[in-house]
Amino acid sequence: MIEILSIFLLCLTVITAVAVIRARSLFTAVMLMGIFSLLMAAAFLLLDAADVALTEAAVGAGISTVLMLSALALTASKERVEHVRFGVAVIVCTVLAGAIFYATFDKPPLGDPNAPVHQHVAPEFFSITREEIGIPNVVTAILGSFRGYDTLGEVIVVLTAGIGVLFLIGGTAPMGQVSPSSGDQTIRGLRHHQPLRVIAKWAIPFIMIFAFYVQFHGEYSPGGGFQAGALFAAAIILYGLIEGHRRSVQVIPPAVLRAMAAGGALLYGAVGVVTMLMGGNFLEYRVLHENSTTAQQMGIILIEAGVGITVAGVLLAIFHAFAARDRA
Amino acid sequence: MSALTDLFHYWVFVVLLMIGFYGVMTRSNLMKKLLGLSIFQSAVFLLFISMGKVEGGTAPIVLDGNWDATFSNPLPQVLILTAIVVGISTLALGLALVVRIKEAYGRIDDIDAPEAES
Amino acid sequence: MMAPLLDVISWVMLVGGAAFVFIGGVGAIRMPDLYTRMHATSLTDTLGSLLILGGLMVQAGFSLMTLKLIAVTLFLLFTNPVSAYALANAALLSGLEPKLADDESENES
Amino acid sequence: MLIAAAAAIAVTMALALVRALLGPTVYDRVLAMNMLGTKTVLLLAVVAFLMDRPDFLDMSLAYALINFIGVLAVLEFFYAREVRRPEEDGR
């Protein structure tokens, strides 16, 4: 049953992907992309990837749609009719698709427990998580402990991308680029919609509580720093959509966001440095506490907090950069 | 039935990959290219997650201390989880570049075309 | 004694909800213009989700699951009508209404 | 019964997708997106029971929250565009 559902959703995903590429209006394409992410996330969930589904839902369907719309507001919303090189593209795609398609026949069937992927490290991850870390969410254990260096690298990448966006569009727009919307501050945002404001004011704390739940319950259920950061950012973005950009900047000023983005990564790195000072290796949580299980859990909670703070800070800084550009 | 479900996810991966690739190649609109890249990226995510699936397994989150159940492979999930967040960051970077190109050239279509150079 | 009764209640709610949801989907395809489509989907969405989530709640009994289901239900219950309102408002403001109001939808209703 | 409900919801998702693809106006597409989001929430809730994984309900909740934000973002974009380019119609 689950397989059939999964296949059905994947078929819908393919249809949506074709429509995204075919759509003439960029706005339609962006919205279909949101649907694509939604379907993809559901497909991930059916493939047992709960954490990934949560991430894809929060990040892919939510934040990325918002960011693309903000970028669209700054550029054209229609694609020009283009003269394209269909021939070469079709040939290249067909050949490549044929090659990869041929390669798939050598892959072990979906869900084969004897596939090479499942033989090597995954069983050790389970046994070590069970004995030494003791948290039920193995994904979080791998993310925070086994692959801690990798996650640190990813956090740095996120931070770097955020810095890059701020460099590119963080300042004010060049002179002579003032968009015609600058005069009518009252209309921006959805403030004049009383029902929306009421519901949003009720929903925002709810989303934040949920974000904190995802953050701190991430050891026991799907979740963790990445998802929580995205959800927290989504809550503030909702506030910004309702009350307008200026007010949301007042709630969390850009300086705070920059401090959050850097501070989270710093917290992550600091955990590593502290473990070194206490006599272990970089990010070797064992030295944090005499009980090794407690030490591992402490380490994971700390670095997940760092991840969450960085992700929330970077995503919000990016959103504010786009929104501020829009009003400049 | 089983012949279909065995490799179907990988086929979808191929198709999505090619749709994204085709979009990146043929569309001259930069926004569209970014969307194509996103689809391409999602296809890769799908490949990894499909590889992690174990028949009869469940999500690698242990319920009620039942460590002996069959679980899907958590490692691809970790890789993809971080990749999604990195993906949105790089997408934002790309969007920022598109915005700057729009400001500099006045358009985001066909920026290779000769008349784009002012 | 209670368990079969609860099962029946939950099944009825699930099937009813699924039927409403499906009707809404058909309405979204077959209705002639945006406002009638919205009429079809937003009402059935709310009722259908209430029934389905309620059916699940009956099955879950009293646990953390029920709490989460209640949270989902409340959220859908509040946000669905509000987003329908905002959507209709946006469509109306954009000037979609006049050309649709006179010919098709008046005759339909 | 759960399977029947899941099947009905999945079919409705397909119908909503058809509306999103056909949708003559952008508002139809937004409607379809909202609908698809709600259906996904329901589908995930049902699937959580079908797979007997109560923790999957978190996903359902997250979808409900994100879907709302997505729809509002689209609408804000509309209003902003109405202000910016009043001459463009809703297509």
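Biologist: Let's start with salt bridges. How many salt bridges does the rule find across the interface of chain A and chain B?

Modeller: First, keep in mind that this is a predicted model. The general idea is to look for a side-chain nitrogen of Lys or Arg within 4 Å of a carboxyl oxygen of Asp or Glu. Across the interface of chain A and chain B, that search turns up two salt bridges. One pair to look up is B:Asp68 with A:Arg130, where the closest N and O atoms sit 3.3 Å apart.

Biologist: And how many salt bridges are there over all chains?

Modeller: The count over all chains comes to twelve. A salt bridge can also sit inside one chain, as B:Glu103 and B:Arg100 show, with their closest N and O atoms 3.7 Å apart. Both residues belong to helix H3 of chain B and are three residues apart, about one turn of the helix.

Biologist: Back to chains A and B. How many residues does each chain bring to the contact?

Modeller: Chain A brings 102 residues and chain B brings 83. On the chain A side, A:Ile21, A:Asp48 and A:Leu110 give 9% of the area that chain A buries against chain B, more than any other three residues.

Biologist: How many residue pairs are in polar contact there, and which classes of residue does chain A use?

Modeller: There are 17 residue pairs in polar contact between chain A and chain B, counting pairs with both residues at pLDDT 80 or more. As for classes, the side of chain A that touches chain B has 71 nonpolar, 15 polar and 16 charged residues.

Biologist: What about chain D and chain B? How much area is buried between them?

Modeller: About 370 Å², with 57% of that from carbon and sulfur atoms. D:Arg53, D:Asp55 and D:Phe56 supply 85% of what chain D buries against chain B, more than any other three residues. The contact takes five residues from chain D and four from chain B. Salt bridges between these two chains number zero, but three residue pairs are in polar contact, both residues being at pLDDT 80 or more. By class, the side of chain D that touches chain B has two nonpolar, no polar and three charged residues.

Biologist: Now for helix packing. At what angle do the axes of H2 and H3 of chain B cross?

Modeller: To read a helix pair, check how close the axes come and how they cross. For helix H2 (residues 30-52) and helix H3 (residues 74-105) of chain B, the axes come within 11 Å and cross at roughly 175°. Angles over 145 degrees count as roughly antiparallel, so H2(B) is roughly antiparallel to H3(B).

Biologist: Which residues meet there?

Modeller: From H2(B), look for B:Leu34, B:Phe45 and B:Phe48, among others; their partners in H3(B) include B:Ile80, B:Leu91 and B:Val98. The contact of H2(B) with H3(B) has 15 nonpolar, six polar and no charged residues.

Biologist: Last one: how many helices and strands does chain A have?

Modeller: Twelve helices and zero strands. Along the principal axes, the C-alpha atoms of chain A fill a box of roughly 60 × 50 × 35 Å.

Note on methods. Residues are numbered from 1 along each chain as its sequence is written. Chains are lettered from A and ligands numbered from 1 in the order in which they are written. This is a predicted model: local features need pLDDT of at least 70, side-chain atom pairs count only at pLDDT 80 or more; totals for chains, interfaces and linings use all residues. Side-chain values use heavy atoms; hydrogens and water are left out. Axes are lines fitted to C-alpha atoms, for helices over the stretch in contact, and angles run from 0 to 180 degrees between N-to-C directions. Helices (H or I, at least four residues) and strands (E, at least two) are DSSP runs, numbered from the N terminus. Angles under 35 degrees count as roughly parallel, over 145 as roughly antiparallel, 65 to 115 as roughly perpendicular and the rest as oblique. Contact means heavy atoms within 4.5 Å. Ala, Val, Leu, Ile, Met, Phe, Trp, Tyr, Cys and Pro count as nonpolar, Asp, Glu, Lys and Arg as charged, and the others, Gly among them, as polar. Buried area is the accessible area (1.4 Å probe) that two parts lose on being put together, summed over both. A polar contact is a pair of N or O atoms within 3.5 Å; within protein, one must be able to donate a hydrogen and the other to accept it, and residues adjacent in sequence count only if both atoms are side-chain atoms.
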